[in-house]
Amino acid sequence: MRHHPAVFLDRDGVINEDRDDYVKSWAEYAFYPGALEALRRLRTAGCEVYLITNQAGVGKGIMPRRTLLDILLRLRVTVQRHGGLIHGIAFCPHPSGAGCECRKPKTGMLRRLAFKYGLDPARSVMVGDSGKDMIAGRAAGCRTIFIHTRPPDTAREHLERCEQPPDDQCRSLLEAVEIILSLPQFAARGDTS
């Protein structure tokens, strides 16, 4: 098995704008400025990118699973058209309190992708905008990067929920990419896709 480093990304609040009422259709999906450029830069640098996202709206009956799959497919296609690549996606459709092993802050999604694709979490990075992202990344052994896309008070609450502070903090996925590409395991990898 190859045991490569990877970049694990949360979706809502990292790549696209988060919504209190969930992103329920592609029409509601709004990329953050610079997100597509950030994903292109990761691909150009040869970084493998994986999406891990809690999607409780499915389990709550707010949107059907097929709608989520449609959104994720359109996301992948759009990213690829802009020069990026999402190598794999894992999502948890369960609402909080369901007791599953996949919903962040648990590590099920991250570990499943690591096993399936031969990834080394200890050499990988988890990028997110919530305490759950940071806890899951840290528990799996990843370096953690917290993105401040939430209102300051809400972001502070999320950081206070972390068992340990994130390794890095920044304001956008583009800034996170600067940090990632400065790490030795990602430096000068070149496009391997």
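**Fold.** I take helices (H or I, at least four residues) and strands (E, at least two) as DSSP runs, numbered from the N terminus. On that basis I read the pattern β-α-β-α-α-β-α-β-α-β-α-β-α along the sequence. The protein has 7 helices and 6 strands.

**Ground rules.** The model is predicted, so I note that local features need pLDDT of at least 70 and side-chain atom pairs count only at pLDDT 80 or more, while totals for chains, interfaces and linings use all residues. Residues are numbered from 1 along each chain as its sequence is written, and side-chain values use heavy atoms, with hydrogens and water left out.

**Overall size.** I looked up the radius of gyration, which is taken over C-alpha atoms; the globule rule is 2.2 Å times the number of residues to the power 0.38. For 193 residues a compact globule would have a value near 16 Å, and the protein's 15 Å agrees. Along the principal axes, the C-alpha atoms fill a box of roughly 45 × 40 × 35 Å.

I then checked the surface. Accessible areas come from the Shrake-Rupley method with a 1.4 Å probe, and for residues only the protein chains shown count as cover. The protein exposes about 8,900 Å², and carbon and sulfur atoms supply 50% of it. I call a residue buried under 20% relative accessible area, exposed over 50%, and partly exposed in between (1.4 Å probe, protein chains only). Buried residues make up 49% of the 193 residues.

Contacts came next; a contact means heavy atoms within 4.5 Å. Among contacts with a separation of 6 or more, 67% are between residues 24 or more positions apart.

**Strand 4.** Which strands pair with strand 4? I count two strands as paired if DSSP finds at least two bridges between them. Strand 1 joins strand 4 through 3 bridges, and the two run parallel. Leu 9 has Val 127 as its bridge partner there. Strand 4 (residues 125-128) also pairs with strand 5, in the parallel sense, over 4 bridges. In that pairing Val 125 stands opposite Arg 143, and Gly 128 has Phe 146 as its partner.

I also checked the faces. In a regular strand the side chains alternate between the two faces of the sheet. Strand 4 is covered on both: Val 125 and Val 127 on one side, Met 126 and Gly 128 on the other, are all buried.

**Strand 5.** Strand 5 (residues 143-147) is mostly covered, with 4 of its 5 residues buried. It is joined to strand 6 (residues 168-170) by 3 bridges, again running parallel. Ile 147 stands opposite Cys 170 in strand 6.

How are the crossovers handed? I call one right-handed if, with the strands pointing away from the viewer, the path from the first strand over the helix to the second runs clockwise. Strand 4, helix 5 (residues 131-140) and strand 5 make a right-handed β-α-β unit. Strand 5, helix 6 (residues 152-161) and strand 6 make a right-handed one too.

**Asp 133.** This residue lies in helix 5. Asp 133 counts as buried because its relative accessible area is 2%. I looked for polar contacts (pairs of N or O atoms within 3.5 Å; within protein, one must be able to donate a hydrogen and the other to accept it, and residues adjacent in sequence count only if both atoms are side-chain atoms). One of 2.7 Å joins the side chains of Asp 133 and Lys 104. A polar atom of the Asp 133 side chain also lies 3.0 Å from the backbone nitrogen of Asp 129. Beyond four places in sequence, Asp 133 is in contact with Asp 10, Lys 104, Met 126 and Gly 128.

**His 158.** His 158 is found in helix 6. Is His 158 buried or exposed? At 10% relative accessibility, it counts as buried. A polar contact of 3.5 Å joins its side chain to that of Arg 150. Not counting residues up to four places away in sequence, His 158 touches Asp 129, Ser 130, Gly 131, Phe 146 and Arg 150.

**Arg 11.** My last entry is Arg 11, in the loop between strand 1 (7-9) and helix 1 (35-44). Arg 11 is buried, at a relative accessible area of 0%. Residues it touches beyond four places in sequence include Asn 16, Tyr 29, Thr 53 and Leu 75. Its C-alpha is 14 Å from that of Gly 131, which is 120 residues away in sequence.
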